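Reader: I have not seen this structure before. Please take me through a few of its residues and then through its chains.

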Amino acid sequence: MLTDHEYLRYGASLCLDTFGEEQQMTLKCARVTVIGLGGLGCAASQYLAAAGAGTLVLVDDDTVQLSNLQRQVLYTSEQIGAEKAHNAAKALSQLNNTIAIQAKTLRVNKDNAQELVAGSDVVLDCTDNLTSRWIINKACYQAGIPLVTGAAEGLHGQLMSLKPAEQHGCYACLYPPDTEERPACERTGVWGPLVGIIGTSQAFQAIRVLTGQHSDWGVLHTFDGARMTWSQFYLPASAHCSHCQEGVCKSQ
Amino acid sequence: MQISVNNQSIQIDEEATVAALVKAQKSQTRAIAVAVNQQIVHRENWSEHRLHGGDVVDIVTVVAGG
Ligand SMILES: [Zn+2]
């Protein structure tokens with residue numbers, strides 16, 4: 001049951017044709033893990049918190065840098081040098097004090113990934129490098145947990161929702177583990193609002209996933225900020241994928 | 001034959017493969033994904049996948065920042 005406070009707080013959601021008390025309760029009971037609290041994670045987590053995602057788990061090992069403030073909108077000038085996960089949790093609990101927020105100051109790696117994603121109803125990959133992205137993809141596929149992956153650089157964004165139970169491809173089918181890493185965000189540069197566009201799209205997709213309204217699994221959405229256009233590409237599973245195909249050597 | 005690559009019309013040999021196109025475009029082969037008619041073609045299939053006149057090809061550069 002929703003409380004009177006929740007009826008008022010989520011009133012604009014509850015008015016929607018495709019959303020009601022049942023969906024709001026589903027959100028309230030959901031555990032959403034956001035890995036990476038940079039630009040994407042700051043944007044995504046704000047809308048998830050505001051929408052009433054019941055338990056938010058925030059994972060990042062980094063501290064706030066002056067050059068982050070151009071796009072990582074949960075942090076303030078006074079927080080330079082402070083832990084991102086902890087400060088993001090603090091800001092989000094001010095936004096919505098009726099949800100549970102857990103901050104984990106650690107870096108996702110192949111040893112802790114399974115434990116980090118375990119019990120999540122959906123995972124958001126908001127990290128800034130391919131290695132973390134493969135680790136998270138593999139852990140979600142092993143645990144059968146839906147994954148909403150987002151990325152942003154320069155004027156370009158990419159967004160994809162993956163459901164291990166479905167037949168489409170996974171992140172490693174799109175970018176096999178020999179794909180070359182490009183320079184980190186700070187060097188490539190990124191338009192501040194772009195991480196907002198992609199991060200809030202991840203929150204949007206996550207809410208659709210949680211409330212059973214998601215319909216574009218395995219579709220790579222690319223955003224071209226120079227043209228202000230989105231494109232869609234379907235990603236089939238690769239028979240040779242070491243992450244999502246049974247019987248393929250998993251040691252890669 | 002004529003195909004479209006990233007919204008630009010180009011001429012390419014009849015029956016050219018995705019691999020030949022990628023080479024002709026001088027794309028960094030290990031930092032891209034390729035879609036033909038809005039479906040991703042896996043890297044291991046680039047040398048077998050033949051293109052046809054009118055195909056719409058998108059070469060998508062990897063984006064990993066956050
Ligand atoms: Zn795969």
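Reader: Is B:Glu15 buried or exposed?
Author: This is a predicted model, in which local features need pLDDT of at least 70, side-chain atom pairs count only at pLDDT 80 or more, and totals for chains, interfaces and linings use all residues. Residues are numbered from 1 along each chain as its sequence is written, chains are lettered from A and ligands numbered from 1 in the order in which they are written, and side-chain values use heavy atoms, leaving out hydrogens and water. Buried means under 20% relative accessible area, exposed over 50%, and partly exposed in between, with a 1.4 Å probe and protein chains only. B:Glu15 has a relative accessible area of 53%, so the residue counts as exposed.

Reader: Where in chain B does B:Glu15 lie, and what is its phi?
Author: Helices (H or I, at least four residues) and strands (E, at least two) are DSSP runs, numbered from the N terminus. B:Glu15 sits in the loop between β2 (8–11) and α1 (18–24) of chain B. Although B:Glu15 is not a glycine, its phi is positive, at about 60°.

Reader: Which loop holds B:Asn37, and how does its accessibility class it?
Author: B:Asn37 is not a glycine, yet has a positive phi of about 50°. Its loop runs between β3 (32–36) and β4 (39–41) of chain B. The relative accessibility of B:Asn37 is 43%, so the residue is classed as partly exposed.

Reader: What is the order of helix and strands along chain B?
Author: Chain B contains 1 helix and 5 strands. Along the sequence they follow the pattern β-β-α-β-β-β.

Reader: What is the radius of gyration of chain B?
Author: The radius is taken over C-alpha atoms, and the globule rule is 2.2 Å times the number of residues to the power 0.38. For 66 residues, a compact globule would have a radius near 11 Å. Chain B agrees with this, at 11 Å.

Reader: How far apart are the mean positions of the positive and negative charges of chain B?
Author: Lys and Arg count as positive and Asp and Glu as negative, while His and the chain ends are not counted. Each charge is placed at NZ of Lys, CZ of Arg, CG of Asp or CD of Glu. For the 5 positive and 7 negative charges of chain B, the mean positions are separated by 12 Å.

Reader: How many helices and strands does chain A have, and why is it called as compact as a globular protein of its length?
Author: Chain A has 10 helices and 8 strands. The globule rule gives 18 Å for 252 residues, and chain A is close to that, so it is as compact as a globular protein of that length, with a radius of gyration of 18 Å.

Reader: Which residues of helix α3 in chain A are buried, and what do they pack against?
Author: In α3 (residues 21–28) of chain A, the buried residues are A:Gln23, A:Gln24 and A:Leu27. Seen down the axis of α3(A), they fall within an arc of 100°, so they line one face of the helix; the arc is that of the directions from the helix axis to the C-beta atoms. With contact meaning heavy atoms within 4.5 Å, the buried residues of α3(A) pack against α2 (11–14), α4 (39–51) and α10 (192–210) of chain A.

Reader: What separates the C-alpha atoms of A:Gln245 and A:Cys170?
Author: A:Gln245 is in the segment after β8 (229–234) of chain A. At 22% relative accessibility, A:Gln245 counts as partly exposed. A:Cys170 is 75 residues away along the chain, and the separation of the two C-alpha atoms is 9.5 Å.
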